[in-house]
Amino acid sequence: MAGRSDDLTSASDASLVVAIGRYRQAALAEAYRRHGGAVFGLARRLLGDPVKGEEIVQEVFLRLWQRPEAFDPDRGSLRSYLLATTHGRAVDLLRSEGSRRRREERDALLTAEAGYDLEREVWDLSVSERVQQAVAALPDGERRAIELAYFRGYTYREVAGLLDEPEGTVKSRIRAGLSRMRSALVESGLGAGGGPAWD
């Protein structure tokens, strides 16, 4: 399978590729000896990383070994073909890494936002539950006035009409009920600092 290397040192690039097509490893070694340095130099310059540059060199010569027919001597020299292949693989790698990085950044952002929303949702549910408990614990007159004014959107005057009570009495009951609720919510752990304004 392997030929004599002294036969190949003077062979043309086109002859080397023909020999590679016949599975002559010495031909591939000679092609590497001639063009490996240029391929590595281009890959390292494009990628800015000698380790990745070496990986590209391996890929380029492996591709030449597996598909020597892809080289067309009528379209240019073997070196030009190898450098064009190197450029294409390096650009593919850069694009792939850029896509992966953008995908990771996007996933990290979505995860952070999802975590924030979940935390906020839990907090809102907790607040809602405690407010309902505080409202339910109010005396009947205060609870009814607050429910009509704050949960059903009636004005104080309309609440007074619906309850058939003087407006001043309704306001007093609402004020007393809100004060009772504030105390209950503070006791339950919802501090006044970040909570909603109740009056």
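Tyr32 has a relative accessibility of 46%, so Tyr32 counts as partly exposed. Keep in mind that this is a predicted model. Phe61 has a relative accessibility of 6% and therefore counts as buried, the cut-off for that being under 20%.

Now the rings. A pair of aromatic rings is described by the distance of the centres and the angle of the planes. There are 3 aromatic pairs in the structure, and I will go through two of them. In the pair of Tyr23 and Trp65, the ring centres are 6.0 Å apart and the planes stand at 70°, so this pair is edge-to-face. Tyr23 sits in the loop between α2 and α3, while Trp65 belongs to helix α4, so the pair ties together parts 42 residues apart in sequence. Tyr23 has a relative accessible area of 51% and is exposed, because the threshold for that class is over 50%.

Tyr32 and Phe61 also form an aromatic pair, with 5.1 Å centre to centre and 70° between the planes, and it is edge-to-face. Helix α3 carries Tyr32 and helix α4 carries Phe61, so here the parts tied together are 29 residues apart in sequence.

Phe61 brings us to the cores. The largest nonpolar core has 23 residues, and the members that touch the most others are Ala31, Phe61, Leu64, Leu78 and Leu82. Which elements give two or more residues to this core? They are α2 (13-21), α3 (25-47), α4 (50-66) and α5 (78-136). The largest share, 7 residues, comes from α3.

Take Leu82 as one of the members. Leaving aside residues up to four places away in sequence, Leu82 touches His35, Val39, Val60, Phe61 and Leu64. Apart from this core lies another, of 18 residues, which include Leu138, Leu163, Met181 and Leu185.

Last, a helix pair. How do α6 and α8 lie relative to each other? The axes of helix α6 (residues 140-151) and helix α8 (residues 167-187) come within 8 Å and cross at roughly 95°. The two helices are therefore roughly perpendicular to each other. On the α6 side, the contact is made by Gly141, Glu142, Ala145, Ile146, Ala149 and Tyr150. On the α8 side, the residues include Val170, Arg173, Ile174, Arg180 and Met181. Sorted by class, this contact has 9 nonpolar, 2 polar and 3 charged residues.

Conventions: Residues are numbered from 1 along each chain as its sequence is written. This is a predicted model: local features need pLDDT of at least 70, side-chain atom pairs count only at pLDDT 80 or more; totals for chains, interfaces and linings use all residues. Side-chain values use heavy atoms; hydrogens and water are left out. A nonpolar core is a set of buried Ala, Val, Leu, Ile, Met, Phe, Trp, Tyr and Cys residues joined through side-chain atoms within 4.5 Å. Buried means under 20% relative accessible area, exposed over 50%, partly exposed in between (1.4 Å probe, protein chains only). Helices (H or I, at least four residues) and strands (E, at least two) are DSSP runs, numbered from the N terminus. Contact means heavy atoms within 4.5 Å. Axes are lines fitted to C-alpha atoms, for helices over the stretch in contact, and angles run from 0 to 180 degrees between N-to-C directions. Angles under 35 degrees count as roughly parallel, over 145 as roughly antiparallel, 65 to 115 as roughly perpendicular and the rest as oblique. Ala, Val, Leu, Ile, Met, Phe, Trp, Tyr, Cys and Pro count as nonpolar, Asp, Glu, Lys and Arg as charged, and the others, Gly among them, as polar. Rings of Phe, Tyr and Trp (its six-membered ring) pair if their centres lie within 6.5 Å; planes under 30 degrees apart count as stacked, over 60 as edge-to-face and the rest as tilted.
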